Amino acid sequence: MFAFDDEQFLDGYRKRFGPLRDDLAQALRFLIGRIEQDASFSSNPVHRNQIAYCLATFKWETAHTLRPIDEFGDDARFNRLYGPDTRVGRMLGNTRAGDGARFHGRGYVQLTGRANYERAGKLLGIDLLNKPDDAKKPEIAYAIAMEGMKKGWFTGKKLDNYFKPGQLPNYEEARRIINGQDKAQTIADIARRFDELLVNALQ
């Protein structure tokens, strides 16, 4: 597992991304703490690259807050986009009136749809169908995001497809883990900066 110097990490963040408010510093401390406890990451460069890409994804998907958030919009919008009578809603497994709003996007990477909440809940041993707001709790949101990116829950693509021993990290193509190629270059650039500060903060 990894061990990082928190203050070195935060200093590196300031140099690469700008000033740190207290809430953002707390969010970063939380994430670094979870990563240090995550036994699925061993202390090798490939896993460090993967962590950098996950952090970049979280930064982008949470509007740079690095905290689990709700998808932007109101219930009417969510039901219009994801209702059971829509193509997207059916793809997401929404079967009941109100499912679009009930299972709107939440978390670090926006878990969306009844089927995805049910699957993530079963895999993590928690009841997300009856408590969908729990997907926004930091510990649960971290587990959903990391497990989802490692195992391909979101699009079928996973971290190991783009970060392999003996190969350069493929930050641009890794966007396919979450959302095709939308903002792929922007997130890749953020990931490279995160990787630099992770290297400098290693203990």
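The model is predicted, so local features need pLDDT of at least 70 and side-chain atom pairs count only at pLDDT 80 or more, while totals for chains, interfaces and linings use all residues. Residues are numbered from 1 along each chain as its sequence is written, and side-chain values use heavy atoms, leaving out hydrogens and water.

Phe194 also belongs to the largest nonpolar core, which has 45 residues; together with Phe9, Leu55, Phe58 and Met149, Phe194 touches the most other members. Such a core is a set of buried Ala, Val, Leu, Ile, Met, Phe, Trp, Tyr and Cys residues joined through side-chain atoms within 4.5 Å, and buried means under 20% relative accessible area (exposed is over 50%, partly exposed in between; 1.4 Å probe, protein chains only). Two or more residues of this core come from each of α1 (6-17), α2, α3 (45-61), α8 and α9 (184-201); helices are DSSP runs of H or I with at least four residues, numbered from the N terminus. A second, separate core holds nine residues, including Phe103, Leu111, Leu128 and Trp153.

Turning to helix packing, the axes of α3 and α9 come within 8 Å and cross at roughly 125 degrees. That makes α3 oblique to α9, because angles under 35 degrees count as roughly parallel, over 145 as roughly antiparallel, 65 to 115 as roughly perpendicular and the rest as oblique. Axes here are lines fitted to C-alpha atoms over the stretch in contact, with angles from 0 to 180 degrees between N-to-C directions. Among the residues that meet are Ala52, Leu55 and Lys59 in α3 and Ile190, Phe194 and Leu198 in α9. The contact divides into twelve nonpolar, three polar and three charged residues (Ala, Val, Leu, Ile, Met, Phe, Trp, Tyr, Cys and Pro are nonpolar, Asp, Glu, Lys and Arg charged, the others, Gly among them, polar).

Helices α2 (residues 22-37) and α8 (residues 138-151) pack at about 60 degrees, with axes 11 Å apart, so α2 is oblique to α8. Phe30, Leu31, Arg34 and Ile35 of α2 make this contact with Pro138, Glu139, Tyr142 and Met146 of α8.

Finally, arginine 175 lies in the loop between α8 and α9. Arg175 is buried, with a relative accessible area of 1%, and its contacts beyond four places in sequence include Tyr53, Trp60, Glu61 and Asp182.

Methods: Contact means heavy atoms within 4.5 Å.
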